[in-house]
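This report describes one protein chain. The sequence and structure come first, and the description follows.

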Amino acid sequence: MKTPIHRLLALVALLLICAGVLAPQDSLRVPQFENDEVRVWKTTVMPNAPLAMHRHEHARVIIPLVGGTIKIQQETGASETHQWEVGKAYWLTADPPNLRHVDIATGPKPIEVMVVELKK
C-alpha cells in the first residue's frame, strides 16, 4: 500500500517529466513501499546520468529488473563494480559513517533495480 507521500512524490516526478524539468532519461528513485521494518524503492540508473551523491545507513538487497554493470564510486575516489543479473538478488552492506557514493551505469543501457533496505 502506498502512503500519500509516496503518491505525491510519484505525481511530482511525473509532472516534472511532463514539464520538461526532469527528462525521462534522468536517473531516478521511485518509492514503492515502506513500513517500520523495510523501505523499498525502484531505481533506474541511466548511462551517463549517475544518481546524486548519497549514502545508505542500512544494509539492502538489490533485485535487478533490468541488469547491467554498475560502478559504485565513493567520494574518496575508491570504487567497486558489480555485474547485476536479472533473476538474482544481491546484498550490499550499510555505508560507513559519513561516506557517500554515486551509482553509475557503465554500459550502454539503463539499469533498473528494486532496492529493499532493512531499517533494523
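## His56 and its surroundings

In this predicted model, the side chains of His56 and His54 are joined by a polar contact of 3.2 Å. His56 belongs to the loop that runs between S2 and strand S3 (60-66).

His56 has a relative accessible area of 5%, which means that it counts as buried, the cut-off being under 20%. Beyond its neighbours within four places in sequence, His56 contacts Arg29, Trp41, Ala94, Asp95, His101 and Glu117.

## The open sheet

Five strands form an open sheet in the order S1-S2-S8-S3-S6, and their pairing is antiparallel. Strand S1 (28-34) and strand S6 (90-92) are the edge strands, each pairing on one side only. On average, and with direction ignored, neighbouring strands of this sheet are turned by 25° against each other.

S1 and strand S2 (residues 38-45) run antiparallel and are joined by six bridges. Arg29, one of the contacts of His56, has Thr43 in S2 as its bridge partner.

Nonpolar side chains tend to be buried together in soluble globular proteins. In this model the largest nonpolar core has twelve residues: Trp41, Val45, Leu51, Ile62, Ile70, Ile72, Trp84, Leu92, Ala105, Ile111, Val113 and Val115. Two or more residues of this core come from each of S2, strand S4 (68-74) and strand S8 (111-118). S8 gives the largest share, three residues.

Trp41 is among the residues in contact with His56. Leu92, leaving aside its neighbours within four places in sequence, is in contact with Ala59, Arg60, Ile62, Ile72, His82 and Trp84.

## Confidence

The protein chain has a mean pLDDT of 86, with 79% of its residues at 70 or more. Confidence is highest in S3, at a mean of 98, and lowest in helix H1 (residues 4-19), at 54. The pLDDT is below 50 over residues 14-24, a stretch with five contacts in the model beyond near neighbours in sequence.

Methods: Residues numbered from 1 in each chain as written. Predicted model: local features only at pLDDT ≥ 70, side-chain atom pairs only at ≥ 80, totals over all residues. Heavy atoms only, no water. Pairing = 2+ DSSP bridges. Helix = DSSP H or I, 4+ residues; strand = E, 2+ residues; numbered from the N terminus. Axes fitted to C-alpha atoms, helices over the stretch in contact; angles between N-to-C directions. Core = buried A, V, L, I, M, F, W, Y, C linked by side-chain atoms within 4.5 Å. Buried < 20%, exposed > 50% of the residue type's maximum accessible area, 1.4 Å probe, protein only. Contact = heavy atoms within 4.5 Å. Polar contact = N/O pair within 3.5 Å; in protein donor to acceptor, adjacent residues only side chain to side chain. pLDDT = per-residue confidence, 0-100.
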